[in-house]
Amino acid sequence: MAEVTHARVDAWCWAVRLFATRSAAGAACRAGHVRVNGERAKPATMVVPGDEVHVRGGERERLVVVQRTIVKRVGAPVAVTCYLDRSPAPVPRELAVVAGVRERGAGRPTKRERRQIEKLRGH
């Protein structure tokens, strides 16, 4: 395993499996979804042990503290030893808001229903 004293934040996030690909990690940095010690991080921002990395995106937010810096992707059991996860617990599925669900017949009428309403009104 290639352990170094400092690493680029995009390479480190990819190496410890916070992102599926290195390009996805870089894109998240450019979009402002990655912060290092509270500051917005560019892909080339360097991280050292002790830095706090906040990753926003996907289904939840991740807040991790760098324990070891690596630049090569490693297996999941090894990756977990490279950071301390301080992420908030995910919202239970029972409490998650489901958008776009409504009862049949509620809301705007369909084309068929509109024609039936017009027929009933005598138009």
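**Sheet, aromatic pair and pocket in a predicted model**

Ser87 lies in the loop between strand 9 and helix 4 (111-121). Helices (H or I, at least four residues) and strands (E, at least two) are DSSP runs, numbered from the N terminus. The model is predicted, so local features need pLDDT of at least 70 and side-chain atom pairs count only at pLDDT 80 or more, while totals for chains, interfaces and linings use all residues. Residues are numbered from 1 along each chain as its sequence is written, and side-chain values use heavy atoms, with hydrogens and water left out.

Ser87 is buried, with a relative accessible area of 18%. Buried means under 20% relative accessible area, exposed over 50%, and partly exposed in between (1.4 Å probe, protein chains only). The side chain of Ser87 reaches the backbone nitrogen of Leu63 at 3.0 Å. A polar contact also links the side chains of Ser87 and Asp85, at 2.5 Å. Such a contact is a pair of N or O atoms within 3.5 Å; within protein, one must be able to donate a hydrogen and the other to accept it, and residues adjacent in sequence count only if both atoms are side-chain atoms.

Asp85 also takes part in the sheet: in strand 9, Asp85 is the bridge partner of Val64. Tyr83 of strand 9 is the bridge partner of Val66. Strand 7 and strand 9 run antiparallel and are joined by three bridges. Two strands pair if DSSP finds at least two bridges between them. Five strands form an open sheet in the order 4-3-6-7-9, with antiparallel pairing. Strand 4 (39-40) and strand 9 stand at the edges with a single partner strand each, so one side of each has no neighbour in the sheet.

Strand 6 (residues 52-55) and strand 7 (residues 62-66) run antiparallel, joined by four bridges. Val55 stands opposite Arg62 in strand 7. The two strands form a hairpin with six residues between them, and Gly57 in the turn has a positive phi of about 145 degrees.

Val55, Gly57 and Arg62 are among the residues that line the largest pocket. Others in the lining include Arg17, Leu18 and Phe19. The volume of this pocket is about 150 Å³. On a 1 Å grid over the protein atoms alone, a pocket is an open set of points where a 1.4 Å probe fits, with protein on both sides within 12 Å along at least five of seven lines; lining residues have an atom within 4 Å of a point. Its lining divides into three nonpolar, two polar and five charged residues. Ala, Val, Leu, Ile, Met, Phe, Trp, Tyr, Cys and Pro count as nonpolar, Asp, Glu, Lys and Arg as charged, and the others, Gly among them, as polar.

The count of aromatic pairs comes to one. The ring centres of Trp12 and Tyr83 are 6.4 Å apart and the planes stand at 80 degrees, so the pair is edge-to-face. Rings of Phe, Tyr and Trp (its six-membered ring) pair if their centres lie within 6.5 Å; planes under 30 degrees apart count as stacked, over 60 as edge-to-face and the rest as tilted. Trp12 lies in helix 1 (residues 9-15) and Tyr83 in strand 9 (residues 83-85), so the pair ties together parts 71 residues apart in sequence. Trp12 is buried at 0% relative accessible area. Tyr83 counts as buried at 13%.

Key. Points joined across faces, edges and corners; volume = space filled by probe spheres on them.
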